[in-house]
Amino acid sequence: MSTESSVQFDESVVQQSKHDTASSQVITDAHAATKTKPSEREPAGQSTCTECEGQIITAEHTSYCEECGLVVTANHIDHGPTRRRHGPDERSGRHEWSCESVTQLRIDKGLHTTFFLTSDGYGNALSSEQQDKYDRLKQRHKRFQVESKRAIRLNEALRDVQLIGGNLGLPQHVVVDAGQLVKRASEARVPGAWTSWEGVAAGAVLLAATNADRNRSPREVACYGKVDHVRLCAAARKIRCYTDVAYPPVRANAIAQVLEILDESVLDGGTYLQCRDVAQHLMKIADEVPIGAGTPRLTVAAAAVYRADRLLGGENLTMQQVADAVSAIVETSKDKINRYSADLRDEYHERAKTVTPSALRDRGHIMVR
């Protein structure tokens, strides 16, 4: 080997050594920083680094990127059960679980007693008298644990979330997010009237999956939920409208979907673009007010498209025509289009003095119909 090639080889070795040393120093500094400032966080939900697309690994209660050393979560607390020895001496006695795991999928995060009715604490079988005694204790415990019928329904909805998430193959952190959405919906009194607890559970799973980029179609979620497709979509929108969450809508392009369903001969190129802009503006109003909160987003979008056509001064669309077109995806009636479009018209004219779409601003006047 020549002297020049050996020098180049030595330089490459030195550079690689410096890179490895720098990476290890980043991870070491991250570990040292997390030890001085502990925080209660959960392990990383993603498996790919957002900076370099490297692999996220978890070690010693810290999740970091294997390639660049980016710390995703630090010093998360393991809420799972641990094994302890009971007795006068720590080295004597049998191993027992000290507590149950804490989970967001129960009404009290799992901080309640579980009765094992087949054996006692040492594994011995229970007699018939003891069995009857613990049956009564368990019944009384459940009555104190769940204080109202609403808490019972909430507990059942959380079980539905676990069932739907398991059947759809969703990650655990998505299921937990859906459970938290159900609890927020319960606090906001979302279940009620036409919105059932089963619909809230399925709608929460749909929103959580969409937010985590684990997209599932509404019909797929409805297959495993205890609610039909229309009620599922309506519950998902009602959760977004009445709870303080920043989750994206399930049908973010609802206006475009409605316009695509309609016959191209109904709207020409220029009218199509103007109608789309005004309808999107009306859809934002419907989400803020909200209008038709307990209705599928596609139905409200259809009403926005119809009202946009009227605001532009045209009569290209009829209520029945829009309702029939949208019913191919979500069942919609003419009465709903009429009611929501009227609400959109009234709310639009109240806000027209401050914000007006460019499509109407160029016209110089507003049609009232």
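Guide: Pro 290 sits in the loop that lies between helices H9 and H10; helices are DSSP runs of H or I with at least four residues, strands are runs of E with at least two, and both are numbered from the N terminus. This is a predicted model, in which local features need pLDDT of at least 70 and side-chain atom pairs count only at pLDDT 80 or more, while totals for chains, interfaces and linings use all residues. Residues are numbered from 1 along each chain as its sequence is written, and side-chain values use heavy atoms, with hydrogens and water left out.

Visitor: What makes the peptide bond from Val 289 to Pro 290 cis or trans?

Guide: Its omega is near -5 degrees, and the bond from Val 289 to Pro 290 is cis.

Visitor: Why are H9 and H10 called oblique to each other?

Guide: Their axes, which are lines fitted to C-alpha atoms over the stretch in contact, come within 8 Å and cross at roughly 130 degrees, on a scale from 0 to 180 degrees between N-to-C directions. Angles under 35 degrees count as roughly parallel, over 145 as roughly antiparallel, 65 to 115 as roughly perpendicular and the rest as oblique. H9 and H10 are therefore oblique.

Visitor: Which residues of H9 make the contact with H10, and which residues of H10 take part?

Guide: Among them are Cys 275, Val 278, Leu 282 and Asp 287 of H9, and Arg 297, Val 300, Ala 304 and Leu 311 of H10; contact means heavy atoms within 4.5 Å. The residues of this contact comprise 12 nonpolar, no polar and four charged, where Ala, Val, Leu, Ile, Met, Phe, Trp, Tyr, Cys and Pro count as nonpolar, Asp, Glu, Lys and Arg as charged, and the others, Gly among them, as polar.

Visitor: How do you know whether Arg 189 is buried or exposed?

Guide: Buried means under 20% relative accessible area, exposed over 50%, and partly exposed in between, with a 1.4 Å probe and protein chains only. Arg 189 has 57% relative accessibility and therefore counts as exposed. This residue lies in the loop between helix H4 (172-187) and helix H5 (197-211).

Visitor: Why does Ala 193 count as exposed?

Guide: Ala 193 reaches 82% relative accessibility, so the residue counts as exposed. Ala 193 also belongs to the loop between H4 and H5. Its phi is near 55 degrees, a positive value in a residue other than glycine.

Visitor: Which residues of helix H8 (residues 254-261) are buried, and what covers them?

Guide: The buried residues of H8 are Ala 254, Ile 255, Gln 257, Val 258 and Leu 259. Their cover includes H9, H10 and H11.
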